[in-house]
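Open the model in your viewer and keep the selection tool at hand. Each stop tells you what to select and what is there.

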Amino acid sequence: MYNNISIFAHRGASGYEVENTMSAFEKALELGATGIEIDLQLTKDNILVVFHDLSLSRLTGKKKLLTDCSFDEVSTYKIGRGFWRKFTNHHIPSFQQVVDWANEHQMPLNIELKESILSNTNPLIDMLQKLTIPKGSHFSSFHDELMKIVKMQRPEFETAILVNKKFQWEHLNNMSHINSIHAHKRYYKPMYMDYCKNAKKKMRLYGINGTEPFLKEPDPVIVGWITDYPDKVRKICKTTKNE
């Protein structure tokens, strides 16, 4: 931690490497990130994979949905942006592959559960029942029902709700299954932080790029930054590493 605040590399060090790839995770480790944010989707044959979009188009060029493909199929696709993907050797990793890497390096994971899991939660439940992940890891989602499943299966795991414009902050006190709030940096305002404090919830902010004036002396409710540029955020934060 830096200044008692974790620095989670968003989809790995995605400012430098292709997002959600092993190269992005290795780069985040190299740049001093203290955690990795990843996205979890489900393939047609119920394999949990680390990929952000439901559509494969943006990163593979294939006009298909991830949920219409088997893991064996998607694992053959190169991923990258546009013309440059043909020169890379990046592929969609399985969640188990990333968990094995994280456990090897004791790198905490912020595991965001995506929309494809909503229609079939059995693979999520099966995974949770046997999952071992590094200390400091947690689950997050825009989908409250998925956080309820996590907390029911593994009450010791931290859960974080991702907020949007429709989120009803006044209901935080009634969300006993939620431990923390994940929000865009535009929510770094006294009103929202007070909601968290009153509900005894922690807060992490994403969209951080290392230029934000509040990085040096953040409000005590903040426990994590989520950034594409872990090195830049680390540089701004105090350099003393607290265990």
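**Before you start**

This is a predicted model, in which local features need pLDDT of at least 70 and side-chain atom pairs count only at pLDDT 80 or more, while totals for chains, interfaces and linings use all residues. Residues are numbered from 1 along each chain as its sequence is written, and side-chain values use heavy atoms, with hydrogens and water left out.

**Stop 1: H1 and H4**

Select residues 22-30, helix H1, and residues 95-105, helix H4. Helices (H or I, at least four residues) and strands (E, at least two) are DSSP runs, numbered from the N terminus. The axes of H1 and H4 come within 11 Å and cross at roughly 15°. Axes here are lines fitted to C-alpha atoms, for helices over the stretch in contact, and angles run from 0 to 180 degrees between N-to-C directions. H1 and H4 are therefore roughly parallel to each other. Angles under 35 degrees count as roughly parallel, over 145 as roughly antiparallel, 65 to 115 as roughly perpendicular and the rest as oblique.

Now show the side chains. Met-22, Phe-25, Glu-26 and Leu-29 in H1 meet Gln-97, Val-98, Trp-101 and His-105 in H4. Contact means heavy atoms within 4.5 Å. The residues of this contact comprise five nonpolar, two polar and one charged. Nonpolar covers Ala, Val, Leu, Ile, Met, Phe, Trp, Tyr, Cys and Pro; charged covers Asp, Glu, Lys and Arg; the others, Gly among them, are polar.

**Stop 2: H5 and H6**

Select H5 (122-130) and H6 (residues 144-153). H5 and H6 pack at an angle of about 35°, with their axes 10 Å apart. Their crossing is right-handed. A crossing is right-handed if the near helix is turned clockwise from the far one by less than a right angle, and left-handed if anticlockwise. Leu-124, Ile-125, Leu-128 and Gln-129 in H5 meet Leu-146, Ile-149, Val-150 and Gln-153 in H6. Six of the residues in this contact are nonpolar, two are polar and none is charged.

Which residues of H6 are buried? They are Leu-146, Met-147, Ile-149, Val-150 and Lys-151. Buried means under 20% relative accessible area, exposed over 50%, and partly exposed in between (1.4 Å probe, protein chains only). The buried residues of H6 pack against strand E4 (109-113), H5, E5 and strand E6 (158-162).

**Stop 3: the cores**

A nonpolar core is a set of buried Ala, Val, Leu, Ile, Met, Phe, Trp, Tyr and Cys residues joined through side-chain atoms within 4.5 Å. The largest nonpolar core has 61 residues. Select Phe-95, Leu-113, Phe-139, Trp-169, Ile-181, Met-203 and Trp-225, which touch the most other members. H4 gives the most to this core, with five residues.

Zoom in on Trp-169. Leaving out residues up to four places away in sequence, Trp-169 touches Val-163, Ile-181, Tyr-187, Tyr-192, Tyr-195, Cys-196 and Met-203. A second, separate core has eleven residues, including Phe-51, Leu-56, Cys-69 and Tyr-77.

**Stop 4: two loops**

Select Asn-20, in the loop between strand E1 (6-10) and H1. Its phi is near 55°, a positive value in a residue other than glycine. Asn-20 is buried, with a relative accessible area of 1%.

Next, select Lys-200, in the loop between helix H7 (190-199) and strand E8 (202-208). Lys-200 also has a positive phi, of about 60°, although it is not a glycine. Is Lys-200 buried or exposed? At 73% relative accessibility, Lys-200 counts as exposed.

**Stop 5: Ser-137**

Select Ser-137, in the loop between H5 and strand E5 (138-141). Ser-137 is buried, with a relative accessible area of 10%. Leaving aside neighbours within four places in sequence, Ser-137 is in contact with Pro-108, Leu-109 and Glu-158.

**Stop 6: Ile-226**

Finish at Ile-226, in strand E9 (residues 222-227). Ile-226 is buried, with a relative accessible area of 4%. Not counting residues up to four places away in sequence, Ile-226 touches Phe-8, His-10 and Glu-37, among others.
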